Amino acid sequence: MTDSTSKAVFLSYAREDTESARRIADALRAFGTEVWFDQNELRGGDVWDAKIREQIHESGLFVPIISRQTQARAEGYFRREWRLAVERTHDMSDHVAFIAPVAIDEISQADADVPDEFLRYQWTPLPHGVPTPQFVEQVRRLLETPRRAGGRKVGEDGGRRVEDESKRPETGGQRSEVRGQKSEGGRRGGAKWILATIAALAIVSVTFVALRPLPKDAATSSAPTPAAAKPPTDFASRSAVGPAKAEAKSKSIAVLPFANLSDEKEANAFFADGIHEDILTSLSNIRELRVTSRTTAAQYRDTKKSLRQIGEEIQVAYILEGSVRRAGNRVRITGQLINAATDEHLWAKSYDRELTDIFAVQAELAKAIASELHAAISPQEKSALERRPTENLAAYDLYLKARALRNLARPTPADIAERKRLLERALELDPKFLQTWTELASWENLQALRARSPEQLARAKAAVDTAVRLAPESPDALLALAEYNYRCREDFPAAARQLEQLEALRPNDAFVVAMHAAVQQAQGRWTDSLVSFRRATELDPGNLRHVFDLAWLLGGGRRFEEAITARRRILDRTPNDLSERFTLGWLVYMASGDTREMDGFIRHLETERNDSIAAIGRRKSWAIRCGNAVEAKRLDREHADRGAGVLQAVNMAVLLAAEGDVAAAKARLQEFPAAQRKIVTQQPENFGAWATLAQMEALLGNKAEALRCARRTIELTQSGHMRIRNVAASYLAFVEAWVGEKDAAIARYARQLQIPYGFTVSGFQDLAGLATIHVMKRHPAFAPLRGDPRWEALLNDPKNNAPLF
């Protein structure tokens, strides 16, 4: 390959294998490999055909996905792609690795309907399109290391051809553990080849990559050869490495919080922050720019870090620093654009204007940045940049003050109420102020999510309808409408359509992409949601909210290695967060039953004599979950004042009942059932309250009432969020187990094992509440089923802990 060849992988596949191809593409992209994967392209036409030819010609590695589907189709565009790849090899040295076939089912290499050239290579079996860490590492090595005739390095044999047809590997014979290599067959037997192979195996075997693992029962070869014994993954190891550091895109920028240089600093802090956020929004409306979010930029307020370090941490090429000085009716805004990699100041601009010109200054600054970054601005984008949101500066001030309250980390009830009051006052001054209507719509949507009364839903709808009426094509109005459909109406298809439109307008807006991911998750489109959450973390790598959501999805889908890596990334930034430490330990335990991570955390709490409510609660929770009844009862007795909550009472009652002490379990619950029954009467749509009451009634021995409450939980969630629907079913299974309906419970749990978020042991919204077969072996919640052969078979089947998507 020439030096100009791209280090991109071209995936070639039949349309029936799209999901498998997507999994492979996701895995490679997650670790910094560029993948040309045309799932979003419009197939057909000369332009498309020319683009495919160009990509194959420029790619660094061609990966054909071979399956029963390709075998069954004698005609298809993928076969043209195959021929184009083979044609390219005619101009290559025999020592160049270019084609790396992947088989995703039991298709036989010897019988496959593929070009003869494909048979000269060692195939990589990836059952169901599930990529392994070894596969990803080998692809990266093949792309990064040039192959030249007469010169190969240890561990870099991958991709060589079998020059002699008679030396092709037998399909039933022993294969190299380093997948994706062109086989050397017996031609290069001898000590040097053996040592090189051993070295390559060693390099791969010590590489821990956060990818979904290959199911334990999956074949490691397309032939039925005995599988080699594989040691369990050390999930508790701290040597895990994350994705390769992504390079900053050339049109990426972070706008750091503007310094407030006004004489009356406290009185004008909201104004400086408001200008900062407005400039961020203006830049986000330029499709070609990737702009770091306000949340990420806010982390660097008053930082001592260098701009180069900031650029590396959030992966941006440019940084804008600025200041705002407000005095009477005049405002002075300065900005410096800096190359983050070199610390070179590209330009500095200063705008000293009347306050009435504030919107023109914002537009000029955004256009200057776009010009410096060579980002094209469409006529529509230019018009949006230059549009004045309001002519009433008093209304603008009120709007900025309300937005400042929205951005508080922990707003009080008074702050929340004041935010609405400010917005309503701004609308009194300018009833056509679109941004204020969308801000009010967001406020009303959130209140409707908390209290779904008809009156609150009507207020949310009125605010959204007004915003859409004022500017039906506005991205802000479209976002408000999508949020309303998602949070209030739970019309997920409508929300998804609107967010797709928004992504077309703002393709680099991480907030929009993350909301789209949440909607896709609500629909049960798990793979699509995973792609979107990953995209959000790529666009805004400093925003831990996106990493948290990604880890939540990965954990719910039993993609443990990736989830653990994501949680470690969060913990690196929040090392003193007890919740994060606990969740990481729980995730490791879920994955493998390994308690070392959690035991270390608990020892730390004991050593530090941390007797806070949070620390005691987590120590007690772990004791209950791992079945340590002695420690759980000691903590419950000695810290009775710190376990007074209803969930703590339910969990302790479960532990006591699992020990056979039914009287003690009922006594532990005694003060809560009446209050819980009152809650469901007052809030008949509160599915969480119904689920908790169902558990109580089951432990109290009220079979009919327990089943009624659990079924009510199912009814309330059937048309809602898919994650909540899946978790809700586990409450019914819990009740069935504890009221003696073992057959129904085991059958339901068996179904739950096949779906994401199938189990919970503590609630609806917490990754630390999910359960797996390792949890179920020791957690007291499953005590009534232990010893039943059907139950034990479920827990001992490794497929029931394999990735779900």
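Q: Hi! Let's start with β1: how many of its residues are buried?
A: Five of the five residues of β1 are buried, so β1 is largely enclosed by the rest of the structure. Buried means under 20% relative accessible area, exposed over 50% and partly exposed in between, with a 1.4 Å probe and protein chains only. Strands here are DSSP E runs of at least two residues and helices are H or I runs of at least four, numbered from the N terminus.

Q: What kind of model is this, and how are residues numbered?
A: This is a predicted model, where local features need pLDDT of at least 70 and side-chain atom pairs count only at pLDDT 80 or more, while totals for chains, interfaces and linings use all residues. Numbering starts from 1 along each chain as its sequence is written, and side-chain values use heavy atoms, with hydrogens and water left out.

Q: Good. Which residues sit on each face of β1?
A: A8, F10 and S12 lie on one side, with V9 and L11 on the other, and all are buried.

Q: And what does β1 pair with?
A: β1 runs parallel to β2, joined by three bridges, and parallel to β3, joined by four. A8 has E34 as its bridge partner in β2, while V9 stands opposite L61 in β3. Pairing requires at least two DSSP bridges between two strands.

Q: What's the strand order in the whole sheet?
A: The sheet is open and parallel, with five strands in the order β2-β1-β3-β4-β5. β2 (34–36) and β5 (124–125) are at the edges with a single partner strand each, so one side of each has no neighbour in the sheet. At the β5 end, two bridges link β4 (102–103) and β5, where V102 is partnered by T124.

Q: Which helix lies across β1 and β3?
A: That's α4 (residues 77–89), which runs at about 145° to β3. Angles go from 0 to 180 degrees between N-to-C directions, using axes fitted to C-alpha atoms, for helices over the stretch in contact.

Q: Switching topic: how do α26 and α29 cross?
A: The axes of α26 (646–658) and α29 (687–699) come within 11 Å and cross at roughly 30°. In contact (heavy atoms within 4.5 Å), V646, L647, V650, A653, V654 and A657 of α26 meet T692, Q695, M696 and L699 of α29.

Q: Last one: how many helices and strands does the chain have?
A: There are 34 helices and eleven strands in the protein chain, and 55% of its 805 residues are buried.
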